[in-house]
Amino acid sequence: MKTLPLQITVDIWSDFVCPWCWIAKKRFEQGLAAFEHKNKVLVQHHSYRIASGYPPMPFKAALVKKFDSKYSAELMMSQVKSAGDSEGLVYNFETMLFGDTKDAHAMVKMAHQTGLGEALTERLFKVSITEGRSIFDRDELVTLAIAEGVRPEDAINALNIETFKDAVIEDEAKARIIGVSGVPFFVLNGKYSISGAQPAANFLNLLRQVWAEKQGELTMDQEGTEGKSCGISGCSI
């Protein structure tokens with residue numbers, strides 16, 4: 001008799017100013033929801049800043065600067081918006097900001113300790129991309145965290161205690177070790193990778209393959225699969 005595996009781990013690296021990351025998050029969630037053993041999956045979120053050291057600036061201006069081409073920037077935004085529409089996500093690039101998201105990631109690190117990380121992560125994507133609110137303003141971050149149920153003192157501590165910011169740096173160091181150069185990036189069981197805003201079916205298929213492998217039913221090809229993503233040098237088009 002075969003023994004069912006205890007767990008599949010999924011490690012996800014993403015950034016709030018990566019336009020493909022929100023789409024990938026939704027598609028992964030759809031794939032996971034359709035997975036027959038979803039209750040055996042442990043999802044762990046990790047920080048990755050595509051704009052480390054950048055001061056907050058309008059997203060469109062930052063994109064043109066990175067691509068050195070207004071046409072390429074407009075093309076990428078059009079593709080992202082179309083993909084977002086298909087997932088019911090609203091992208092307002094006119095109001096979206098770009099910059100170093102260390103404080104936002106630190107806030108989420110704290111929220112995960114109290115079981116509120118998932119809710120706050122989703123909220124930060126929406127306020128940044130759809131609502132045009134600043135996730136770079138510390139008072140705004142505290143307000144957003146409190147609205148999701150975080151205690152005021154915990155929200156304030158997240159921005160002032162180095163432990164949470166150190167955790168962001170540690171996540172990025174882990175990413176470098178395994179060769180991550182852009183996000184979104186997913187690693188299953190510390191072994192198999194899938195990057196970019198893949199279709200939900202791709203995430204579902206990989207989950208099933210990893211599950212089957214743990215059952216000893218097949219051997220997987222260890223090469224990663226690539227899709228639309230963002231790195232420190234820009235976003236794919």
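Lysine 109 is in contact with His45, His46, Ser47, Phe164, Ala167, Val168 and Asp171, leaving aside its neighbours within four places in sequence. The model is a predicted one. Lysine 109 is found in helix α4. Its relative accessibility is 16%, and residues under 20% are called buried, so lysine 109 counts as buried. The points below set out the sheet and helices around this residue, then the core and the chain as a whole.

**The four-stranded sheet**

- Strands of a sheet pair through backbone hydrogen bonds, and the pairing is either parallel or antiparallel.
- In this model, four strands form an open sheet in the order β2-β1-β6-β7, and the pairing is mixed.
- The edges of the sheet are β2 (41–47) and β7 (192–195); each has a single partner strand, so one side of each is left without a neighbour in the sheet.
- From one strand to the next, the twist averages 20 degrees.

**Helices packed on the sheet**

- Helix α4, which covers residues 102–112, packs on the sheet and touches β1 (8–14) and β2.
- The direction of helix α4 makes about 150 degrees with that of β2.
- Helix α8, residues 162–177, also packs on the sheet, touching β1 and β2.
- For helix α8, the angle between its direction and that of β2 is about 105 degrees.

**Strand β6 and its partners**

- β1 and β6 run antiparallel and are joined by four bridges.
- Valine 187 stands opposite serine 193 in β7, and leucine 188 stands opposite tyrosine 192 in β7.
- The strands β6 and β7 form a hairpin with three residues between them.
- In the turn of this hairpin, asparagine 189 has a positive phi of about 55 degrees.
- In a regular strand, side chains alternate between the two faces of the sheet.
- Both faces of β6 are covered: Phe185 and Val187 are buried on one side, and Phe186 and Leu188 are buried on the other.

**The nonpolar core**

- In soluble globular proteins, nonpolar side chains tend to be buried together.
- The largest nonpolar core in this model has 73 residues.
- The residues with the most contacts inside this core are Val10, Trp20, Met107, Leu124 and Phe186.
- Helix α1 (residues 19–34) gives the most to this core, with seven residues.
- Leucine 124 is in contact with Phe16, Ala104, Val108, Ile135, Leu141 and Leu144, leaving aside its neighbours within four places in sequence.

**The chain as a whole**

- Nine helices and nine strands are found in the chain.
- The radius of gyration is 18 Å, close to the 18 Å that the globule rule gives for 237 residues, so the chain is as compact as a globular protein of that length.
- Along the principal axes, the C-alpha atoms fill a box of roughly 55 × 45 × 35 Å.
- Of the 237 residues in the chain, 51% are buried.
- Among contacts in the chain with a separation of 6 or more, 76% are between residues 24 or more positions apart.

How values were computed:
Residues are numbered from 1 along each chain as its sequence is written. This is a predicted model: local features need pLDDT of at least 70, side-chain atom pairs count only at pLDDT 80 or more; totals for chains, interfaces and linings use all residues. Side-chain values use heavy atoms; hydrogens and water are left out. Two strands pair if DSSP finds at least two bridges between them. Helices (H or I, at least four residues) and strands (E, at least two) are DSSP runs, numbered from the N terminus. Axes are lines fitted to C-alpha atoms, for helices over the stretch in contact, and angles run from 0 to 180 degrees between N-to-C directions. Contact means heavy atoms within 4.5 Å. Buried means under 20% relative accessible area, exposed over 50%, partly exposed in between (1.4 Å probe, protein chains only). A nonpolar core is a set of buried Ala, Val, Leu, Ile, Met, Phe, Trp, Tyr and Cys residues joined through side-chain atoms within 4.5 Å. The radius of gyration is taken over C-alpha atoms; the globule rule is 2.2 Å times the number of residues to the power 0.38.
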